[in-house]
Number of protein chains: 2
Amino acid sequence: MSSTIYDIAREAEVSIATVSRVFNNSSSVTRKTREKVLAVAENLGYHPRALAQSLARKKTKIITVIVPVISNYFFMEVLAGMQDKIADYDYDLQIFNVKIADDLLNQADHIMKRGWGEGYVVISVHLADSEWELLDKYNVPVVLIDEYYPGFDTISVDSIEGAYTATSHLIEQGYTSIGMICAKPDSKPIIDRRLGYRRAMEDAGLLVDPGLIVTGDDMERDGFTENNGYQAMTKLIQNKQPPQACFCASDIQALGAIKAMRDNNVKIPVIGFDDLEFSEYVGLSTMRQPMYEMGALAIEKMVKRLEEKQSDITHTVFSPDLVLRTSSPDFAGITKTKDKPVTS
Amino acid sequence: MSSTIYDIAREAEVSIATVSRVFNNSSSVTRKTREKVLAVAENLGYHPRALAQSLARKKTKIITVIVPVISNYFFMEVLAGMQDKIADYDYDLQIFNVKIADDLLNQADHIMKRGWGEGYVVISVHLADSEWELLDKYNVPVVLIDEYYPGFDTISVDSIEGAYTATSHLIEQGYTSIGMICAKPDSKPIIDRRLGYRRAMEDAGLLVDPGLIVTGDDMERDGFTENNGYQAMTKLIQNKQPPQACFCASDIQALGAIKAMRDNNVKIPVIGFDDLEFSEYVGLSTMRQPMYEMGALAIEKMVKRLEEKQSDITHTVFSPDLVLRTSSPDFAGITKTKDKPVTS
DNA sequence: CTGAAAGCGCTTACAG
DNA sequence: CTGAAAGCGCTTACAG
């Protein structure tokens, strides 16, 4: 149907090598032959098949992004950062979605096995070390965002620090009884955020009441749902001694928590974690993750690894920013920016 | 580095043809040889390169989705529908993002030219007929979502009907002076929505006051921004005769309109168009587009076109649903579902 | 500056 | 049931 390099070569009365050179801006081709080839190509609507080029070059010039379909605004922001950054390089960005519900490892494996990308950026996919190890065997560059595994470059946000900052802020406001709404208890982000919460309480000499650390019963999506937050806040409210303020492990849960408060006619300050799109609209105070920057950095790391033979594996941890809105007491509309990211 | 079909053939003492057959579940291979090949492959960590397979088969088994990066929730929902549907077929979904700001035609062209996909689903990209025509020359299946071009399969929502429904609803509530907030005046969706608005007014015997059809001054993203909506509503409010209710061409603008009302201490019923993620959270009434269904249908159409040689081009138009929330008067939390989509 | 030829890693009639 | 061989559409030393 569409023409190949042979058609052009024949028409332009040159060899296919020359046609190839023209399309690769290669070294030396006479202006005259170049123009002739280009004219014929234009005429026949020819353009090199990336597929064939990739096979011959043994390079696809593609960076593949693997991302769970549900990951909403966080993902869009990260992707925007990746997209803007990749414009600086000679790579295309290709995205594959995985379904969070199904077996993530298998899906990632399926994608990587096909080998379209020269490298893979995996966003918000959480696997066990032993599972990452399996993917590591493909011996292909991988950059993880929002996850940690020693064998790959990773980019994440310091959950411990974020939780510490949020909780400390509430403490500074004068609250002494502070609750925390968690999601899946043994997931990495939750473990860390719980730890940061605890530390902030302890550093302030406050009692950590296990009864005020709750999660909802609905564990779909590891508990990172509005419903879970609603249930959790309901528990807190029904507590014999409800907290005076609350730190939520995620914005989506904070949203549910706010609804629960509204339905129960109570109102205590709440701070979430993420800064999703709707957070601004509902006035939710939160710990913001620098999503755009994370995406851009992922590309930088990936390209570096692709182009330079042996660069060391790096783990970058960003500090989340406290964004104050109306859901927490001293609303002033300001963003407290924390220090620079730390790369180790 | 990683092994090829030749390595396996050598180790297993068979021809590469046989190895190929094993991995294609092809017809007849002795159980014994099959097992031997599989064992060797497993041992060497072999798996066929999709790239090479695609070249040899002249089929990539990939459907490429082209989508503007900013298209938020609408896109996520559409994609979810596509993803769920494609599971029924032997194709992979690959996504390329385009930047809405830059030259869309060039970007789409760049992507299609490379030829990764066997077909392209293009979401929310708006080009002139003459531009679509250029892409048509690639002679490759294209399905358009949220756009119309005679030469491709298309899936869209009836903007005229949606605007008519929204406006009529406001009229039924008893309002006689109804404003409309538009975006880029000469874009297809705006032209249609303005038309639907007008018709509803006229059918109800109401006066269409051109002074109540406004848009903001900020025309970034064709005016589909919060800021534009804010400016537009401000204009309406400052009108000598402000409207009693307002239909907004998009949810994002409706959001800005609501903020403008809040800042000016006025409150009139508002209905948007889209049903974005935040719409529910802010209680915005709106015309909902059946995003998930549109995505699923796009895949169906694409596969059909890919597998069956000559199927006729079809244009499917969905009717948007009126979703009533607190931003419009008679909030009842119900969804009025309209009739089935029409395929022509 | 340009061509002939080998090679990228597979698939698939065609024989046997 | 299996192998030899041609072919998919390019790139890239190697000569000249």
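These notes cover selected helices and residues of chains A and B in a predicted model.

1. Basis. In this predicted model, local features need pLDDT of at least 70 and side-chain atom pairs count only at pLDDT 80 or more, while totals for chains, interfaces and linings use all residues. Residues are numbered from 1 along each chain as its sequence is written, chains are lettered from A and ligands numbered from 1 in the order in which they are written, and side-chain values use heavy atoms, with hydrogens and water left out.

2. Helix H8 of chain B. H8(B) runs over residues 159–172 and has 14 residues. Helices (H or I, at least four residues) and strands (E, at least two) are DSSP runs, numbered from the N terminus. From first C-alpha to last, H8(B) reaches 20 Å, close to the 20 Å expected at 1.5 Å a residue; the expected span is 1.5 Å times one less than the number of residues.

3. Burial and ends of H8(B). Of its 14 residues, 10 are buried, and H8(B) is mostly covered. Buried means under 20% relative accessible area, exposed over 50%, and partly exposed in between (1.4 Å probe, protein chains only). Among the buried residues are Ala163(B), Ala166(B), His169(B) and Leu170(B). At the start of the helix, a side-chain oxygen of Asp158(B) comes to within 3.0 Å of the backbone nitrogen of Ile160(B). Gly174(B), with a positive phi near 110°, follows H8(B).

4. The H6–H7 pair of chain B. Helix H6 (residues 104–114) and helix H7 (residues 129–136) of chain B pack at an angle of about 10°, with their axes 10 Å apart. Axes are lines fitted to C-alpha atoms, for helices over the stretch in contact, and angles run from 0 to 180 degrees between N-to-C directions. H6(B) and H7(B) are therefore roughly parallel to each other (angles under 35 degrees). Leu105(B), Ala108(B), Asp109(B) and Met112(B) of H6(B) meet Glu131(B), Leu134(B) and Leu135(B) of H7(B), where contact means heavy atoms within 4.5 Å. The residues of this contact divide into 5 nonpolar, no polar and 2 charged.

5. Met112(B). This residue of H6 in chain B is buried, with a relative accessible area of 5%. Leaving aside neighbours within four places in sequence, Met112(B) is in contact with Ile66(B), Tyr120(B), Leu135(B), Tyr138(B), Val140(B) and Val142(B). Its C-alpha is separated by 42 Å from that of Thr30(B), 82 residues apart along the chain.

6. Helix H1 of chain B. In H1(B) (residues 5–12), the buried residues are Asp7(B), Ile8(B), Ala9(B) and Ala12(B). Their cover includes helix H2 (16–23) and helix H3 (31–44) of chain B. Glu13(B), which follows H1(B), has a positive phi near 55°.

7. Lys58(B). In contrast to the buried residues of H1(B), Lys58(B) is exposed, with a relative accessible area of 74%. Lys58(B) lies in the loop between helix H4 (50–57) and strand S1 (62–68) of chain B. The C-alpha atoms of Lys58(B) and Asp7(B) are separated by 24 Å, and the two residues are 51 residues apart along the chain.

8. Thr64(A). Strand S1 (residues 62–68) of chain A holds Thr64(A), which counts as buried at 0% relative accessibility. Not counting residues up to four places away in sequence, Thr64(A) touches residues including Phe96(A), Ile111(A), Trp116(A) and Tyr120(A).

Methods: Polar contact = N/O pair within 3.5 Å; in protein donor to acceptor, adjacent residues only side chain to side chain. Parallel < 35°, antiparallel > 145°, perpendicular 65-115°, else oblique. Nonpolar A, V, L, I, M, F, W, Y, C, P; charged D, E, K, R; others polar.
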